[in-house]
Amino acid sequence: MTTSGGLSSGKAAAALGLHRFGFGPRADTIETIAADPRGALLADLERPNAGQLQAPNLMSSAEAAREVFEFRAERRAEQKLATRQQKQAAMSGEAEAASQMTKLPGADGGAPAQKVPLPQQIILSEAKARFDLAGSAEIGLVERLVWFWSNHFCISADKDAAMVGAYEREAIRPHVLGRFADLLQAVESHPEMLLYLDNVLSMGADSVAGINRDKGLNENLARETLELHTLGVRGGYSQADVTNFAKVLTGWTWLQPGEPVHGGEFIFMKRLHEPGDQFVLGKSYADSGVDQGRAVLRDLARHPATAQHIAEKLARHFVADEPPPALVHKLAKVFLDSDGNLRQVARTLVTAEESWAAPRQKLKPPAEWIAGVIRLTGAQDEIPIGRIMNAQMALGAPLWRPPAPNGYPDNEAAWIDGIARRIDIAAEFAGRAARADPLESLENGLGPLASAQTRETVARAESRGQALTLLAMAPEFLRR
Amino acid sequence: MRLHAPSRRELLLGSGTLFAWMHIPKLARAEGRDPRFLTIILRGALDGLATVAPVGDPDWLTLRGENALTLDGKTPASKLDDFFALNPAMPNLHAMFAAKEAIVVHASATPYRDRSHFDGQDLLESGLPQPGVSESGWLNRALAGLTPAGRVDPRGSRVFAVGPVTPLVVRGPAPVLSWSPQRVMPASEDTVQRLLALYRDRDAKLASVLEDNSKLAPGTVQPGTMQRPGAAGPGQVRAYFSEAAGTAAKFLAQPDGPRVGALALDGWDTHFNEGIAQGRLSQLLGALDEALSAIKTNMGPAWRETVVALATEFGRTARINGTDGTDHGTATVALLVGGALKGGRVIADWPGLKPAALYQDRDLKPTTDLRAVLKGVLRDHLRADEKALALSVFPGSEAVKPMAGLVASA
């Protein structure tokens, strides 16, 4: 077996593997896996609890939804109370009293305006836990898969900020090495997705609620599930399929977060569900309540168009903007043959010859590059999560806030104009980093992949900070 | 998560971050003084000859040709004494010099005699006689030797925090807190230029994008005039230097503020199109000059008890290189400013500029040990113990006597 460097092992293959399939090397990972880079990647897929995020301090999505609901209600009450007292004071002519902030009964003495608001606190904790995993992972292949699927099944904090992090932990992570069908079920029934793609607003026109309220379908979730999550835009579905699938999905909603016990959880509400059997993609689905939707999702998960769509996206993300057709074919075949076993698909991805033979041309997307820079500098503890999130935003890829349900783009054209901004971010992180000799970093971060020119550029830098900046911005580090 | 325990080689001073000691030196206090001391590390190797030019040296014009600053010409240098003149980009420093509030120590250097930035910066900050493993810096070891007269501001942690990264110069046993300007300084033009050169060699696509972003074409670049969205133009560098230094001064000036601090201002590695009279170095020196002015202004009445020491890892080649810049050299200038100084002097045991007088026929020859300057200030301004200065602050420097008479009160 040969690779672009004519090697299936050795430091060049190790470095290539770490950049292409992981988050880039840390300290001595190139050396560690050089004897058997593919074996190391395969082993990453077999770790117990791979993909899981153990963080007892993080709330479940339902808890977060309830807490944020309460937080907002209290804030509204505080504001209302203040307004009321100002009015009273004005009427009694006591200007001084009007200026005094009034606290809710039982509120502590702290000034709430100065505290980080709860929704932001939650996102920061979630983001930190997520980024810590990327920074500390030995290789990061499974984390890369989590990020890939999270972008594939994206949601947005602009729609709901409370549950974005929990969504990824609950719907994505448990299934990244499991069955695609289970991943799909978990995602499409998660309240965060139901909110994001408006299914909580949708109801059958002939459902009890639809008749009573004179309301009807919202097709958003059904369409994006077909177009983006499974079959792909040319996957062979019609408008009728979209409409019918939307009818199938009516009733998939959440319990209002004001409900004290189960608020924020998924619920199938029969009252909203369009009654009757539905035809989707040439097949009739009996009205079995929530199971009608589950049955459609099961079939979508094993559809050949889905296999092709997922295979293309995976190969594009990990290997090349124009992925080798042979690789896409291999991945699609394994996907179909294994009934969507994502661990087997990942194994194929990291062992296929085409995955290694492709030239290192792929421009790392912003967040992945940032993670790579932080691993390079060893400065994970020194860089606050807020700065990392700012950096993602500055590069046009704010965490969990893609502009549209198709997620962030995955090609060079989308990101290359941000190169100039990456310099500033590299300089900032390098400046905050406590880190070894830049030449040592170069060996650790690129090793044999570094060109003579890059070595010379780094060696001639005017300071460690500049050397690290130049290394993080070297073509060999930007591309994989 | 850290990859491995940090070694001295990993430590790097965040540009613009102030590191400060929250105590008052007791001995100086007992004399009725309340001294302030700020160290500014200039990373990248400052061209001492372009900062303070030996206009009285007969070999000066031969050496630097049209790049030599002179007292006449389009941008005349500002006369300091009969021999030296200051870069015209530094009118505030010139005024301080005239007011006897500034001292230039020329042809000075650390004991380091190689030309690696990284080793040179290590040695500048560690205070050791040669590159070697050190867990602490000279400033911290000096502080550790001063008896503190109590912590100055118990609420100091409101603005000062334990820094995420402690630079080598302030690392060590004495507790040090830090403050960073909110503003993040964009990457320097110099960094962008270096990347452009690399991209042109290695990655045409990246090069063309960066060029488009920079609105410049290959070969037409005038460093110092380049603008790119978000890049550190001269205005931004000035603003950043002034904010960092000016805020440092505000803290040091407060009656209950810290008394000793350190910060770094980077960007002095001028290998090509140096722009000594007009251009890149001129703009950087102008930014530094405004920063010094901001320090004086913000120090207020405390200025008369202040010494600011500015030092760089080494100097640059005496001659101009083939790209209108200078390469890594040896001796350079150290600058002292502050109202506590007995200033208005250029201190130099001038080595001369004839080829045989240059260090390795290449650099200004070092004739003054930078450690003598720092030891003189630490002893006479902060009342650091002379024996400790020789043994622990600058180990192995017994033969390098503290320079006397720098500070007026001494």
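Let's start in chain B, where three strands form an open sheet in the order 4-6-5, with antiparallel pairing. Strand 4 (52–53) and strand 5 (78–79) of chain B are the edge strands, each with a single partner, so one side of each has no neighbour in the sheet. Keep in mind that this is a predicted model. Below is a quick tour of the strands, helices, cores and loops.

- Strand 4 of chain B is joined to strand 6 (residues 85–86) of chain B by two bridges, and the two run antiparallel.
- If you want to find that pairing by residue, look for Ala53(B), whose bridge partner in strand 6 of chain B is Ala85(B).
- As a general point, the strands of a sheet pair through backbone hydrogen bonds, either parallel or antiparallel.

**Strand 7 of chain B and its partners**

- Strand 7 (residues 102–109) of chain B is mostly covered, with eight of its eight residues buried.
- With strand 12 (residues 332–337) of chain B, strand 7 pairs in the antiparallel sense over five bridges. Here Ile103(B) has Leu336(B) as its bridge partner.
- With strand 13 of chain B, strand 7 runs parallel, and three bridges join the two. Val105(B) is the residue standing opposite Ile347(B) of strand 13.
- With strand 14 of chain B, strand 7 pairs in the parallel sense over two bridges. Ala109(B) finds its bridge partner in Asp369(B).

**Nonpolar cores**

- The largest nonpolar core has 149 residues, and Leu331(A) and Leu471(A) are the ones that touch the most other members. Helix 22 (residues 419–432) of chain A gives the most to this core, namely eight residues.
- Leaving aside residues up to four places away in sequence, Leu331(A) touches Ala311(A), Leu314(A), Ala315(A), Val345(A), Thr348(A) and Leu349(A).
- Another core, of 116 residues, lies apart from that one, and Leu86(B), Ala262(B), Leu389(B) and Phe394(B) are among its members.

**A covered helix in chain A**

- Helix 8 (residues 164–172) of chain A is mostly covered, since eight of its nine residues are buried.
- The buried ones are Val164(A), Gly165(A), Ala166(A), Tyr167(A), Glu168(A), Arg169(A), Ala171(A) and Ile172(A).
- The cover over these residues includes helix 4, helix 6 (118–136), helix 7 (141–152), helix 9 (180–188) and helix 10 (191–196) of chain A.

**Helices that cross**

- Within chain A, the axes of helix 12 and helix 13 (residues 239–249) come within 8 Å and cross at roughly 120°. That makes helix 12 of chain A oblique to helix 13 of chain A.
- The crossing of helix 12 and helix 13 of chain A is right-handed.
- On the helix 12 side of this meeting you'll find Leu221(A), Ala222(A), Arg223(A) and Leu226(A), and on the helix 13 side Asp241(A), Val242(A), Phe245(A), Ala246(A) and Leu249(A).
- Another crossing involves both chains: the axes of helix 24 (residues 452–459) of chain A and helix 7 (residues 189–202) of chain B come within 10 Å and cross at roughly 170°. That makes helix 24 of chain A roughly antiparallel to helix 7 of chain B.
- In this pair, Gln453(A), Thr454(A) and Thr457(A) of helix 24 of chain A meet Arg194(B), Leu198(B), Asp201(B) and Arg202(B) of helix 7 of chain B.

- Asp214(A) isn't a glycine, yet it has a positive phi of about 60°. Asp214(A) sits in the loop between helix 11 (208–213) and helix 12 (220–229) of chain A, and it is exposed, with 7 other C-beta atoms within 10 Å.
- Asp361(B) isn't a glycine either, and its phi is positive, at about 50°. Look for Asp361(B) in the loop between strand 13 (345–347) and strand 14 (368–369) of chain B, where it is exposed, with 11 other C-beta atoms within 10 Å.
- Ala90(A) belongs to helix 4 (residues 61–92) of chain A and is exposed, with 12 other C-beta atoms within 10 Å.
- From C-alpha to C-alpha, Ala90(A) and Thr32(A) are 73 Å apart in space, and they are 58 residues apart in sequence.

Conventions:
Residues numbered from 1 in each chain as written. Chains lettered and ligands numbered in written order. Predicted model: local features only at pLDDT ≥ 70, side-chain atom pairs only at ≥ 80, totals over all residues. Pairing = 2+ DSSP bridges. Helix = DSSP H or I, 4+ residues; strand = E, 2+ residues; numbered from the N terminus. Buried ≥ 20, exposed ≤ 12 C-beta atoms within 10 Å, placed from the backbone. Core = buried A, V, L, I, M, F, W, Y, C linked by C-beta atoms within 7 Å. Contact = placed C-beta atoms within 7 Å. Axes fitted to C-alpha atoms, helices over the stretch in contact; angles between N-to-C directions. Parallel < 35°, antiparallel > 145°, perpendicular 65-115°, else oblique. Left-handed = near helix turned anticlockwise from the far one by under 90°.
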